[in-house]
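Please look over the model below.

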Amino acid sequence: MPCTLRPAHESDASGLAALAAATFPDACPSFMPRSAIDAFIDENLSVDAFRIYLTGPTWQVRVAERHDDHAIVAYTLVDLSPTASDTVLAATSGQGAAYLSKMYASREVRGTGVAKALCRDTLTALADQGQRFVWLGTHKDNARANAFYARMGFEVIGERRFVVSGVEAEDWVRLARLHTPR
Ligand SMILES: CC(C)(COP(=O)(O)OP(=O)(O)OC[C@H]1O[C@@H](n2cnc3c(N)ncnc32)[C@H](O)[C@@H]1OP(=O)(O)O)[C@@H](O)C(=O)NCCC(=O)NCCS
């Protein structure tokens, strides 16, 4: 599917919020109550939240924009704040890692290679900025995302509890080593 991969702009906030609200439930385990999912979306994936991600110094957002209708069909959200995870610090000898907080594709483009291209594009951008490692957390039952991340070079280094509006879920913590830019 022809898409442009690019950094997101402030004008993308509403398109990003719509895609994020539509896709976040797909990453949640089946026991997660819809009320907790909706509260998480309101708090973390609203238009206002994306305005903060798009303008804040520690966040980076990249998108896949479909050529024919300019819709945003996939996005990544990276947090470059200092790493707080002991698991990640231990696995990187204290260096820390960029945090791939969100990697979401719309249902219609899953399995088409768009997510793979955007993930590669995001990892390349981070490597070009001098990042050595990227980490993420994925629910243990999210078989599709776990298979995807394994293929993208993310290895399991531990686990964590991820809290969605007061409801705990068990994630695998994964880490990828980035290639040094040429
Ligand atoms: C995770 C995501 C970005 C991956 O993009 P994608 O286009 O679906 O990825 P692909 O189809 O290229 O690859 C997924 C892998 O899972 C496999 N897979 C597909 N459906 C599956 C299923 N129901 N169960 C298990 N594995 C599955 C695919 O075969 C592929 O593995 P392979 O390359 O070894 O064959 C996308 O599925 C998505 O947005 N999911 C919903 C949100 C989400 O879970 N995001 C991650 C949050 S941490």
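Does S165 count as buried, exposed or partly exposed? At 36% relative accessibility, S165 is partly exposed. The model it belongs to is predicted.

## Positive phi angles

Most residues other than glycine have a negative phi. S165 is not a glycine, yet its phi is positive, at about 50°. This residue sits in the loop between β6 and β7.

H70 also has a positive phi without being a glycine; the value is near 60°. Its place is the loop between β2 and β3. H70 counts as exposed, with 54% relative accessibility.

## Helix α1 and its buried face

Helix α1 spans residues 13-23. Its buried residues are A13, L16, A17, L19, A20 and T23. They lie on the same side of α1, because they cover an arc of only 165° around the axis. An α-helix has 3.6 residues a turn, so residues three or four places apart point the same way.

## How α1 meets α3

α1 and α3 pack at an angle of about 120°. Their axes are 8 Å apart. The two helices are therefore oblique to each other. Their crossing is right-handed.

On the α1 side, the contact is made by A13, S14, L16, A17 and A20. On the α3 side, V47, F50, R51 and L54 meet them.

Helix α2 runs over residues 34-44. A36, I37, F40 and I41 are buried there. These buried residues fall within an arc of 140° seen down the axis, so they line one face of α2. The cover over them includes α1, β4, β6 (155-164) and β7 (167-177).

What does the face of α2 turned away from its buried side carry? It carries the exposed residues S35, D42 and E43.

## Cysteines

A disulfide is a covalent bond between the sulfur atoms of two cysteines. The count of disulfides in this model is zero. C3 is in no disulfide, and the nearest cysteine sulfur, in C119, is 15 Å away.

C28 is buried, with a relative accessible area of 15%.

Notes. Residues are numbered from 1 along each chain as its sequence is written. This is a predicted model: local features need pLDDT of at least 70, side-chain atom pairs count only at pLDDT 80 or more; totals for chains, interfaces and linings use all residues. Side-chain values use heavy atoms; hydrogens and water are left out. Buried means under 20% relative accessible area, exposed over 50%, partly exposed in between (1.4 Å probe, protein chains only). Helices (H or I, at least four residues) and strands (E, at least two) are DSSP runs, numbered from the N terminus. The arc is that of the directions from the helix axis to the C-beta atoms. Contact means heavy atoms within 4.5 Å. A disulfide is a pair of cysteine sulfur atoms within 2.5 Å. Axes are lines fitted to C-alpha atoms, for helices over the stretch in contact, and angles run from 0 to 180 degrees between N-to-C directions. Angles under 35 degrees count as roughly parallel, over 145 as roughly antiparallel, 65 to 115 as roughly perpendicular and the rest as oblique. A crossing is left-handed if the near helix is turned anticlockwise from the far one by less than a right angle, and right-handed if clockwise.
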